[in-house]
Structures are given as C-alpha cells and as structure tokens.
Amino acid sequence: MPLLEINNLRVSFNAGRGRQARAVRNVSLEVERGESVGLVGESGCGKSTLAAAVMRLVQAESGRIFYAGQNVLGLRGRALFDFRKKMQIVFQDPYGSLNARLSVGAAIRECLDVHGIGLRAEREGMVIDLLRTVGLDAMHAGRYPHEFSGGQRQRIGIARALAVNPEFIIADEPVSALDVSIQAQILNLLKDLQEKKRFSFLFIAHDLAVVRYMCARLYVMYMGEIMESGATENVYAHPAHPYTRALLEAVPDVDRALRKRRALPSVPSIQNPNSKIRNITETSSLSTAVSGCPFHPRCPMAKAICVENAPEIKKAADGRACRCHFSGDSFS
C-alpha cells in the first residue's frame, strides 16, 4: 500500500461571472514510504493547489486522498490534527510562511508547544538542535524573520517542518525564489535530511533539472492534469509527451546551446494557424474550456483526434505512463 495515494482528485475555484477554474483535474499519483517523488510543471498548472488539497488547506471538489490507508478527506477534529503532525509542508515563500512578530526560536517552539512534543524544560534545547540541523546557529533563535536572507528563512521553514518529526514532507517550490548558489545549498540540505530521516518526499518544482537531482520518480503536470509519469531517468532519456520534451528543451544547457546556435522552435497555434507561440511553456487559462487534449492548442504534433478526443493514460513496460494519442509503440 502506498503511503500517499491520490485518486481522480479535482479542485475548482470560482473564477467570477459564473465561470469555474478547474485547477486540478482527475489527478492520480502515489508516493511509497521513504520515496522521493517529483511533481513538475510550469507556473499555474495546479501543483501548489494539489499540495494544498492534500494538506486540507483547500477543499477538494471530488476524488479521494488516502494516507497510510486513511481517508484524508474524511478527517475531522483531532484526527485531522494528528494527520498534520505526520505530514508537513515547506512553502515557496519563506518570508510569507513565518510570523514577522515572532522570533524564529519562538516560531519553532510554537510547533513543539502545539503538538506537545518533549517536556517544557527540554523545548528550548530542541529548538537549538533544529536550528543546527538546518545549518543555523543557536544565536539565531532570538532574531526575527526580516533579519535573515531568503536562504536562511527557507532553512527556518524547514526546521519548523521537521519540529514534529513528520513521516511525509511536501516541498512546494522551496528554491524557486532563491539565488542559484543558495538553491544548491537548500537542495543539498533537503536531500541529506531525507536520506538521514527517511521521510517520504513530494518535491514540487517547475525545473526538471532540480527534480532530476532530488527525485527517483516524477509526474509531469499540465493545466491540472498529469501528462506523463515514470522513473526520472527513464523520462529524461525517453520523454514520451511533447510537453515533457518541451520542458526538457527549456532546461539551460550551455553546450547544447553552442552546438545548436538557434532558439527554441516556434510552436504553431492550432486555434490560430497564423500565430506563432514563441514560448511553449506559456500556460493557458485554467478557466478556459479546452476540448480533447488540454495541450493540443500548443502542440506541434496535434491532429484532429487531439482536438476531438481526450487521450487516455497509456503505460509502458518500464513503468512509465503517458497521456498522448501519439506516445509511441512502447506504450500499450
């Protein structure tokens, strides 16, 4: 049994004027105990909404979420409180996730107090240990969030997540707002912590290179739907969906750029053949109804069947899955 199992999850929001923005559309994914799984896709595709739905921070429209066999969507009161001790989230914005009026020591201690972890006399020492675990010093406990850099604030957010000794951590774009050099430090920290503490890990990002470094398996998401999934190295070596291939083309590679000496090819719009979409990773509006495959207006392979019929998930012998009419002979 997977530790986390999501089946046909849907999440919608009111977009005004009677319209519904369906942020998550029939998403299914699994995370095994101790596994690191990536969820990748461009900004606005529904990744963070999915994470919020799993944490019960937003209401799911339909579908099922199971954690260790327990129906998460049916949890109430104390049962929901206990679930949130087992599963924690590291948010994208480290400053927005911290209380500006609390010192970082008080913010971390608050987690210990709320969940009754350790004796009262021991909690100050536990706070110091948590700060040291994420690469900060004891003297930082008395400082406030505005006195730290972005990377340091993200370390504090990680320390808060670790305070309750969770079994599962969702990292929602934890490095996207940081400088490149700081990103590497935070990624290495998360990787080391996951290996030492063996918590399960859902790592959300828009950068396939980051997901490749962090995760053994990944899901590719577009406009609220899973387009492709499988072992990370297999997806990298043999991307089956045209959207996955476009994301891989967008990963910076100086050597490749020097070899090709050309820009990313234009992608014709099926809806308007005279227009050219220069950037294949510009997302469509989630409130706009798209018939057939959601990627067909921007897909260079799209044909009439893509406009008329939504593709089913196909699976390959190596465990990969792809939602595309033209995913190849290796998919049954």
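This is a predicted model: local features need pLDDT of at least 70, side-chain atom pairs count only at pLDDT 80 or more; totals for chains, interfaces and linings use all residues.
Select residues 150–162 for helix 5 and residues 180–197 for helix 6. Helix 5 passes helix 6 in a right-handed crossing. Their axes come within 10 Å and cross at roughly 15°. Angles under 35 degrees count as roughly parallel, so helix 5 and helix 6 are roughly parallel to each other.

Now show the side chains at this contact. On helix 5, pick Gly151, Gln154, Arg155, Ile158 and Leu162. On helix 6, pick Ile182, Gln185, Ile186, Leu189, Leu190, Leu193 and Lys197. These two sets meet. Color them by class: the contact has seven nonpolar, three polar and two charged residues.

Next, turn to salt bridges. The whole structure has 12 of them.

**Stop one: glutamate 124 and arginine 109.** Select both side chains. They form a salt bridge, with the closest N and O atoms 2.8 Å apart. Glutamate 124 sits in helix 4 (residues 123–133), and arginine 109 sits in helix 3 (residues 104–114). Glutamate 124 is partly exposed, at 48% relative accessible area. Arginine 109 is buried, at 16%; the cut-off for buried is under 20%.

**Stop two: arginine 123 and aspartate 113.** Arginine 123 is buried, with a relative accessible area of 7%. Aspartate 113 counts as partly exposed, at 35%.

**Stop three: glutamate 233 and arginine 212.** Move along to helix 8 (residues 232–237) and helix 7 (residues 208–214). Glutamate 233 is in helix 8 and arginine 212 is in helix 7. The pair links distant parts of the chain, 21 residues apart. The side chains meet in a salt bridge of 3.0 Å, N to O. Glutamate 233 is partly exposed, at 42% relative accessible area. Arginine 212 also counts as partly exposed, at 39%.

To finish, select Arg109, Asp113, Arg123 and Glu124 together. Salt bridges that share partners join these four residues into one network.

How values were computed
Residues are numbered from 1 along each chain as its sequence is written. Side-chain values use heavy atoms; hydrogens and water are left out. Axes are lines fitted to C-alpha atoms, for helices over the stretch in contact, and angles run from 0 to 180 degrees between N-to-C directions. Helices (H or I, at least four residues) and strands (E, at least two) are DSSP runs, numbered from the N terminus. Angles under 35 degrees count as roughly parallel, over 145 as roughly antiparallel, 65 to 115 as roughly perpendicular and the rest as oblique. A crossing is left-handed if the near helix is turned anticlockwise from the far one by less than a right angle, and right-handed if clockwise. Contact means heavy atoms within 4.5 Å. Ala, Val, Leu, Ile, Met, Phe, Trp, Tyr, Cys and Pro count as nonpolar, Asp, Glu, Lys and Arg as charged, and the others, Gly among them, as polar. Buried means under 20% relative accessible area, exposed over 50%, partly exposed in between (1.4 Å probe, protein chains only).
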